[in-house]
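Please look through the structure shown below, and keep the sequence beside you while you read.

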Amino acid sequence: DHLALANRNGQLYILEMDGDLKTRVELGGVAPGPPGRHRGRLFFTLDRGKLVAVERGAVAWVYPGPGGGSSAYPAVDGAGGVYMGLDDGTVVALTRDGKPRWRVVVTPAAAPKDRTKSKPVADKTSLAPGAILGAMAITGGKGEEIMLVLATAGGEVIALARGDGKELWRQRAGVANGGLAALGDGGVVLGTEAGLILALDSQGKVRWKLQADGAVRGTPTVSG
């Protein structure tokens, strides 16, 4: 086992468990959040809209992306498929080896007049309503279609079919800068800038919600 930490200079430090430096990898950009992982391979989306795979202390491949920045973290499914979300609403699916599978652009619905503008914590620049935020989730299975679920800067949660990127459902929930986490039964949970914590089922319907005392900006964690 090793530790992997990326800094704001676009460098990935890989350490032994006792803290000794094993190697340092130049990523070619700043990772906005944690990597995805599959069988020892790490996947980083970069602020320049690229996706980089790192394995055994070296860059395995780089996907240049269609252009634009990224405020989302990569999602990885059980087969090693990788998904990246960009600030212009583009979502790209790739194989574990970096070959593109499909690409779609999420089109935001008309926003209500009282919509809260999204301002990512690390970068105070406002994003377009279709921008993908934080952690995306792979969920489904056991009779449910496997989905990629994501949160947008326009306050929507959108589910796409893993196989071809077709939109399955969308739900207006509020701006979730930290993204969302998968629940074991095909649902997702998220927290919003308005302090709302809510769970959606596999069809996008609100299962429950709780009002917190302040903005919820971290990525949810499912424990146990």
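What follows is a short report on selected features of this predicted model.

## The second largest pocket

Rolling a probe the size of a water molecule over the atoms shows where empty space is left. In this model, the second largest pocket holds about 300 Å³ of space. Its lining is made of 13 residues, and those closest to the centre of the pocket are H2, I14, R37, G40 and L42.

Two strands, β1 (2-6) and β6 (51-55), each supply at least two residues of this lining, and β1 gives the most, with three residues. Sorted by class, the lining of the second largest pocket has five nonpolar, five charged and three polar residues.

## A nonpolar patch on the surface

On the surface, L3, L5 and M17 form a nonpolar patch, and together these residues have about 280 Å² of accessible area. One of them, L5, is found in strand β1. L5 counts as partly exposed because its relative accessibility is 46%, which falls between the limits of 20% for buried and 50% for exposed.

## Salt bridges

Side chains of opposite charge can pair when their charged atoms come close. A search of the whole structure finds seven salt bridges, and three of these pairs are described here.

E55 is partly exposed, with a relative accessible area of 21%, whereas R41 counts as buried at 10% relative accessibility. R41 and E55 are also linked with D97 in a network of salt bridges.

## Pairs that involve loops

The side chains of R162 and D77 meet in a salt bridge of 3.8 Å, N to O. R162 lies in the loop between β15 (156-161) and β16 (167-172), and D77 in the loop between β9 (75-76) and β10 (82-85), so the pair ties together parts that are 85 residues apart in sequence. R162 is partly exposed, with a relative accessible area of 27%, while D77 counts as buried at 6% relative accessibility.

A further salt bridge joins the side chains of D185 and R207 (2.9 Å, N to O). Here D185 lies in the loop between β17 (180-182) and β18 (188-191) and R207 in strand β20 (residues 206-211), so parts that are 22 residues apart in sequence are tied together. D185 is partly exposed, with a relative accessible area of 43%, and R207 counts as partly exposed at 38% relative accessibility.

Terms used. Residues are numbered from 1 along each chain as its sequence is written. This is a predicted model: local features need pLDDT of at least 70, side-chain atom pairs count only at pLDDT 80 or more; totals for chains, interfaces and linings use all residues. Side-chain values use heavy atoms; hydrogens and water are left out. On a 1 Å grid over the protein atoms alone, a cavity is a set of points where a 1.4 Å probe fits but cannot get out, and a pocket is an open set with protein on both sides within 12 Å along at least five of seven lines; lining residues have an atom within 4 Å of a point. Grid points are joined across faces, edges and corners, and a volume is the space filled by probe spheres set on the points. Helices (H or I, at least four residues) and strands (E, at least two) are DSSP runs, numbered from the N terminus. Ala, Val, Leu, Ile, Met, Phe, Trp, Tyr, Cys and Pro count as nonpolar, Asp, Glu, Lys and Arg as charged, and the others, Gly among them, as polar. Patches are made of residues with over 30% relative accessible area and no salt bridge: like charges are joined within 9 Å, nonpolar side chains (Val, Leu, Ile, Met, Phe, Trp, Tyr) within 5 Å. Accessible areas come from the Shrake-Rupley method with a 1.4 Å probe; for residues, only the protein chains shown count as cover. A salt bridge is a side-chain nitrogen of Lys or Arg within 4 Å of a carboxyl oxygen of Asp or Glu. Buried means under 20% relative accessible area, exposed over 50%, partly exposed in between (1.4 Å probe, protein chains only).
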